[in-house]
Amino acid sequence: MTGLARLALALALAAGICGAAAAGPLGDFKHVRWAYGEGAPSRINAITQTTDGYLWIGGVEGLFRFDGVIFEPVGERPKGAGRLVVSALLGARDGALWVGLARGGGVAVYRNGRLADAGLPNPSRQVNDLAQDGAGGLWVARGGRTSNTLARYWRGRWREFGPASGLPAQEVWRLLAARDGALWAALSDRVMVLRPGAERFEDVGVSTSPRASLSQDPRGRVWLTDATGVRLLSDSAKGRRFGLAARSPVGQVGGVWTIIGEAGDLWGATWNEGVFRLADPAAALADPGAGPASLQTYTAGDGLTSEQTRAVFQDREGNIWVGTELGLDMFRPASVIVEPGVPANSPTSYRMAAADDGVVYIADASALYAIRPGAAPSRVMRTGSPAQALCAGSDGAVWVALADRMLRIGDGHATETPTPPSTRALGCAQDGAGRLWMPALEQGLFRWEKGAWRRWPAEGGEAGLPANAAVDPSGKAAVVFRRRPPAPAGELFTPVFAERFGVGGVEGLAEGRDGLFVGGAKGLARLSNGQVRTLSAERYPWLASVNGLVQTPAGDTWTIGDAGIVRMSTEDLGRAFDSGGALPHRVFDFRDGLNSFVQKAPGAQVAVGGDGRVWFLTRRNVVRIDPARLAVNRLAPPVHIRAVSAGSRRFADPASAVLPAGATSVTIDYTAPSLSAPDRVRFRYRLQGVDRGWVEAGARRSALYAGLGPGRYRFQVTAMNNDGVWNPSGASVELRIPPTLLQSWWFRGALAALAALALWLGLRWRVRAETAAAVARLSERQAERVRIARELHDTLLQGFQGLLVRFQVVANAMAEGDPAKPMMDSVLDRADEILVEGRDRVRDLRTEEDSASPLTRQLERLAYELERDYAIPIDIRASGLAEPLNVDAHREILAIAREALTNACRHSRAQEIVCELTATGRKLVLECRDDGVGIDPALLRAGGRDGHWGLRGMEERTRQLGATLKIASAPGGTLVRLVVPMRVARLRPSKGRRRRFGGEA
């Protein structure tokens, strides 16, 4: 007999019932394991949890931090003889982690990302245990020695405890800081306690074996577990102490480490025989009439990573953690429980029905079982052959279809009815009229009515392969057909076939509260009030291939299908069928205790009992869910930034990080230590300045950003646990990317200044080029004018002058009374005027105005000559013109002014003429205005009179000059306004230009 078996026997004897068998493996718990070869550390000695939610694991390989997904080594790496070997761990209330070390390492403390030596005096071979008392003091049990075996750290100082404090010369194995302030210590052969306020330890008076363990239950009672069994040492709530509860010849088990969970169950890690659980030690030891102790064991044969267990711990979510030689194991209450009362692995499919009295019946290949409310399954009968169908009847009865007969079981009796020859039932259903329907594929559809079987349709008719049956809420039978059936005569039943419901091949048929539900690969359909509505599997993927459905009085709808078991609100499901929209749901699968897939068989696959428990059929076994006992994880997951990486730089647990200059990409690793179901934790994050909204990351625990530039960023992440509870605040990290030299603000400013300078130089070059081009055009025009003037002077004017002389000779020869003489004199006078005007024009073409002679003086001289000839006062005004103009601009402006003033004198009949010249930094403006009769608008539109080129000449000169000319006229006078850009008019002191424009033609 092994030590653990003897421990079980001792517990049974303590309850006063000899020979009671221990319960089997931990069927009410979901077991998850992380083996050594899968990344978990080996040779684990201690487990604890800190206030930030991380699980800490210590052992021969060092110290590790675990978030449910990643084992992260912390502190020194295990290299050589000086490696970090952890023997004890304690998560303190202030968030610090205290680390007890072996091999004389003393005690270390982990705070703010640093593991530092705590300065324990006289360190022993190893630290056996750590505890924190109510005042916050840290107690250390120093193993491998018999003097000064305890030390306490308080307010930065250590104090050692030994014989002077009442401690005998024995090794202290375990410590327990009780909630009432007492400190309990398990020594090699006794238990000591330091009462609140006392200075000395006292002997409890209970002998024990070495490596015993102490634990405290939710009521405050202290329990001792050693090689002799489990004993209750005290009941602090009542102020009583209990001695040894039972004695038994139990052998040495090597050692034990126990805890008592929130539910009051005691868990123990043995050194070499796996882990055990005592469901209710108080009921077994304090009240012998309560029945035998319920001891459950779990070993390597059941899936434990190793039977060599050293540590056991319960986290704040209620999960039990076990550290072994070869990995880490976790036990949490399973939502889906495998029912041990119905044999597993039935050679044929299971059948199930819920009677109207709340009893659930289940049949396998050889027997029928009844599950009464609140009870375990009990066998009703052996069937002798596999049950082909099972369905509810009236008055609490059920129908069981066997190979050659139909049994009605109710009121403690079984009534036999032969089935039609050579038929095999694929389901059954009793409708509201009492008719029992039995589909039988090729044999057709049969109903038991008035003591006889009747086939539908009549013998020889096409039956459509009936394959399942149920009853709708109105009490009418519904029958599944694999092929489209003929119309049922008399509306005896509702036909169900693929073409009618649009969910693909019919896989499931079930009665609901307000309709008939049909499941298929494409979704779930509901037939209600003659109308079919469908929820597509594309939008609701968990509704694909639903094989069973039940709606409970509590308002829940439970289904089983390819997605597993699904729970949703019946009201929400109805709303989704009626109007679409979201459908909140919870999936229970292999992570929740389900260990097989749904079976593909006719009949009910889900049933609810009178006690509210929901039963499901799978290929492997029968499972159940008790909605009243479902544990809901209400703890919001703590969220942390694990690391920020950019290039070769990595920042661990950062609150902020300055990345390498010029970094463009960054990887941010985050986590949320929600340990119950870490693979169901969901994240969302955002990088302010980059993401417009939250990014739904799902289960992914890292974010990668590329294409970043210099600046400040803030990364935020939050998480949701396995039961939909969000952490509203989450975690964040401030990031700064410094600019490189080329990205710095002053470098960019310098580049901008250089660009502005280049732009200014380019503009200046462009202005000079345009100015040079304008000057060149003026020079070319001047040369052409000189040539024209020379030609006119040498040919036209000289010839015209000669003609006038000859005509004058003719006129002088004419008699005074000759009638033609006056006409000739008049012609000669007009010719003289034309000759004078022509000479003026030739002079204008050839004149090179001296740029040193101001334009204002030229205008004044022109005004003087015109006043003398026309007797009209002309006022010349000038302002702002401090620099001389270039020759071409000077000449063109003067020519336009001469034309404007001459026209005003000749044609306006003005009383006064004003000519104003104004210069600014960017333009030169010439305005000539009179108070005369104005110019005929028609002449302005035509550009002057035919044969006269004054107005047209002014416009041509303006265009050549690159200026603008505006002539406004009204009966009250005329305004001529010329605007010349100074870049064109300004004098350019270029020798080349002087040579070009300085010569006379």
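I began with the second largest pocket, which holds about 1,200 Å³ of space. The model is predicted. I listed the lining next and got 39 residues. Closest to the pocket centre are Leu-90, Leu-176, Ile-259, Phe-313 and Gln-314.

Strand 2 provides the largest share, with five residues.

I sorted the lining of the second largest pocket by class. I found 19 nonpolar, 12 polar and eight charged residues.

**Aromatic pairs**

I searched the whole structure for aromatic pairs and found 28. I looked up Phe-66 and Phe-71 among the rings. Why does this pair count as stacked? The ring centres of Phe-66 and Phe-71 are 4.0 Å apart and the planes meet at 10 degrees, so the pair is stacked; the cut-off for stacking is under 30 degrees. I also checked burial: Phe-66 and Phe-71 are both buried.

One aromatic cluster went into my notes with its members. It is formed by Tyr-670, Phe-683, Tyr-685, Tyr-705 and Phe-715.

**Charges over rings**

I looked for arginines over ring faces and noted two cases. Arg-65 has its charged end over the ring of Tyr-54, 4.1 Å from the ring centre. Arg-310 lies over the face of Trp-271, and here the distance to the ring centre is 4.6 Å.

Notes
Residues are numbered from 1 along each chain as its sequence is written. This is a predicted model: local features need pLDDT of at least 70, side-chain atom pairs count only at pLDDT 80 or more; totals for chains, interfaces and linings use all residues. Side-chain values use heavy atoms; hydrogens and water are left out. On a 1 Å grid over the protein atoms alone, a cavity is a set of points where a 1.4 Å probe fits but cannot get out, and a pocket is an open set with protein on both sides within 12 Å along at least five of seven lines; lining residues have an atom within 4 Å of a point. Grid points are joined across faces, edges and corners, and a volume is the space filled by probe spheres set on the points. Helices (H or I, at least four residues) and strands (E, at least two) are DSSP runs, numbered from the N terminus. Ala, Val, Leu, Ile, Met, Phe, Trp, Tyr, Cys and Pro count as nonpolar, Asp, Glu, Lys and Arg as charged, and the others, Gly among them, as polar. Rings of Phe, Tyr and Trp (its six-membered ring) pair if their centres lie within 6.5 Å; planes under 30 degrees apart count as stacked, over 60 as edge-to-face and the rest as tilted. Buried means under 20% relative accessible area, exposed over 50%, partly exposed in between (1.4 Å probe, protein chains only). A charge sits over a ring if NZ of Lys or CZ of Arg is within 6 Å of the ring centre and within 35 degrees of the ring normal.
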